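This report sets out selected geometric features of one protein chain, for use alongside its sequence and coordinates.

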Amino acid sequence: MSSSRANYALLFTYTFFVSVSLWQHEMWRDELQAWGIVASTANPLDLAVNARYEGHPLLWFILLWPLAQLFDHPSVMQVLHGALALGSAYLIIFKSPFRFFEKILILFSYYFIYEYVTISRNYQIGVLIICGICVLWQNPQKNLLAISGLLFLLLQTNVFAFLVGLGLAVGLLAEEVYARRIWPLQGKSLLAALVILAGVMGTAQSLPPADSGFLTQWTSHFDSGTFLFAAAGVAHGFLPLSNFSEYHFWNFSLFPFGLGVKLALGLVLAVLAIFSKPKSSVALIVLVASVFFIFIFTYEKPRGLFRHFGHYTLALIAAYWIDEYKQSSRPVFTLGYFGVGILLLQVLAGMNAWSRDLRYPFSQAEAMALYLQKTYPARTPVAGVFQDYMIPLEWFLGRPIYCLDVQQERPYVLWSKSHWNDTLNNQPDSVTYQRFVTYQQSHPESVLVMTYPTSNHPELGQRDTLRSAEGTYVFTCLKKFDGSITNEDYYLFNARKVVAK
């Protein structure tokens, strides 16, 4: 088979895997949060206001907004996300310098076949833009303004892509220094610098307001535990291995050992990544700067999961890609022995995640919504807890849900302290039941949907009793949709007042 036919065969195969993955994936609350924001925003100029607590730049919301005005069902978001993923695949297959088997390793590795493809969030945009920057890096002088323009967009995707973007910007500066174009300053170089600086400044919008109630912790002094966490993130970023026998695999590391061992593994992997390759100074600067920025951020803001730490892998691939343009002879492995080694392991992790998402529901929100639509009249009021679990249910159901924790209808979660705090997030069932009784007085045909962030899930037919000033009520679990990968499970209850004899 010719190289051209092999490339098209690879693209077709990858398209099949992506299509199946997106078609069968049940979107969950993190995906539907963005849809809720754009679908409830009439004017695109209001996106910055409505997304102010999200902690993300606006590019993903801007792309979604016109789709939300044209279509009611959020599945169109998956179509857009799949198109972005196939755009990245096209650049890797047809425009990258990697050998054919290396392209296979990249595309079927964990982040490229599952995490940044199946789950429709703002990470795939960063993947596509990074690939586009690497393609243009073949001639950085000629494409300086185009690269800076893509860096501007990259900085508007998410905070971890922003950090890789800073690493690429440092590498671009190194290109200018080595080519002796940094001084006297040329007009094109000045314009490129201004574009990148505008991108950095533009992300200031993503800083949440002072009254944010979500992920507010910052590290203000040296803390050994936080340092261990940040170092372990390097291990998770290069080796996102989940439990191969557990269907609650997502975001749960296979590594059974403590943070101390993960620290050692993370440091070893970081050293191997940096010193095994790349050879060119510019590519090495891109990699070192990106790793440094991600590590410092995860230390200062000690929060991270596979999807965040995966940007270590993206930085590594970008550095190898750029490095190949600098080599006079083609090496055996464009990705280097280290890159090939970790991607082989990531292929195992990726296919495990892909197949398990195929076999088990990622979320039960859509299943519950379909049941409500088939079982109850279209205008049956629905109330439930907790608000973040109600968001995906609401958009699949196609009508508002009254959230009994915040006591209002919410199209998306507002992460302010008044709407998101420990009191609301740990509301006892007794309080929920009492609020539903009050709600039911003005909405007598309403039904109650319960969710349980902890493992204390009710059985079908289980009854709870509420004794209140209004009387005694029995709450019965009529239907349950559980067993999801993310524990985003739903339980349908009715409430019946006990008539005193």
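## Salt bridges

Asp 388 and Arg 29 are joined through their side chains by a salt bridge, at 3.6 Å from N to O. This pair connects distant parts of the chain, with Asp 388 in helix α19 and Arg 29 in helix α2 (residues 29-39), 359 residues apart. The model is a predicted one, in which local features need pLDDT of at least 70 and side-chain atom pairs count only at pLDDT 80 or more, while totals for chains, interfaces and linings use all residues. Residues are numbered from 1 along each chain as its sequence is written, and side-chain values use heavy atoms, with hydrogens and water left out.

A salt bridge here is a side-chain nitrogen of Lys or Arg within 4 Å of a carboxyl oxygen of Asp or Glu. By this rule the count comes to six salt bridges. Helices (H or I, at least four residues) and strands (E, at least two) are DSSP runs, numbered from the N terminus. Residues are termed buried under 20% relative accessible area, exposed over 50%, and partly exposed in between (1.4 Å probe, protein chains only). Asp 388 counts as buried at 11% relative accessibility, and Arg 29 is buried with a relative accessible area of 17%. Arg 29 and Asp 388 also belong, with Glu 488, to a network of salt bridges.

Helix α2 also holds Asp 30, whose partner Arg 307 lies in helix α15 (residues 306-309), 277 residues apart. The side chains of Asp 30 and Arg 307 form a salt bridge at 3.6 Å, N to O. Asp 30 is partly exposed at 23%, whereas Arg 307 is buried at 6%.

Glu 459 and Lys 480 form another salt bridge, with their closest N and O atoms 3.3 Å apart. Glu 459 is in the loop between β4 (447-450) and β5 (463-468), and Lys 480 is in strand β6 (residues 471-481), 21 residues apart. Glu 459 is partly exposed at 48%, and Lys 480 is partly exposed at 26%.

## Helix packing and a buried alanine

Helix α18 (residues 365-375) packs against helix α19 (residues 387-397) at an angle of about 45°, with the axes 8 Å apart. That makes α18 oblique to α19. The axes are lines fitted to C-alpha atoms, for helices over the stretch in contact, and angles run from 0 to 180 degrees between N-to-C directions. Angles under 35 degrees count as roughly parallel, over 145 as roughly antiparallel, 65 to 115 as roughly perpendicular and the rest as oblique.

Ala 319, in helix α16 (residues 311-326), is buried with a relative accessible area of 0%. Ala 319 and Cys 134 are 185 residues apart in sequence and 8.6 Å apart in space, C-alpha to C-alpha.

## Backbone geometry

Most residues other than glycine have a negative phi, and most peptide bonds are trans. The peptide bond from Val 385 to Phe 386 is cis, with omega near 0°. Phe 386 lies in the loop between β1 (382-384) and α19.

Gln 407, in the loop between β2 (402-403) and β3 (408-409), has a positive phi near 55°. Asn 487, in the loop between β6 and β7 (490-497), has a positive phi of about 60°. Gln 407 is partly exposed at 43%, and Asn 487 is partly exposed at 34%.
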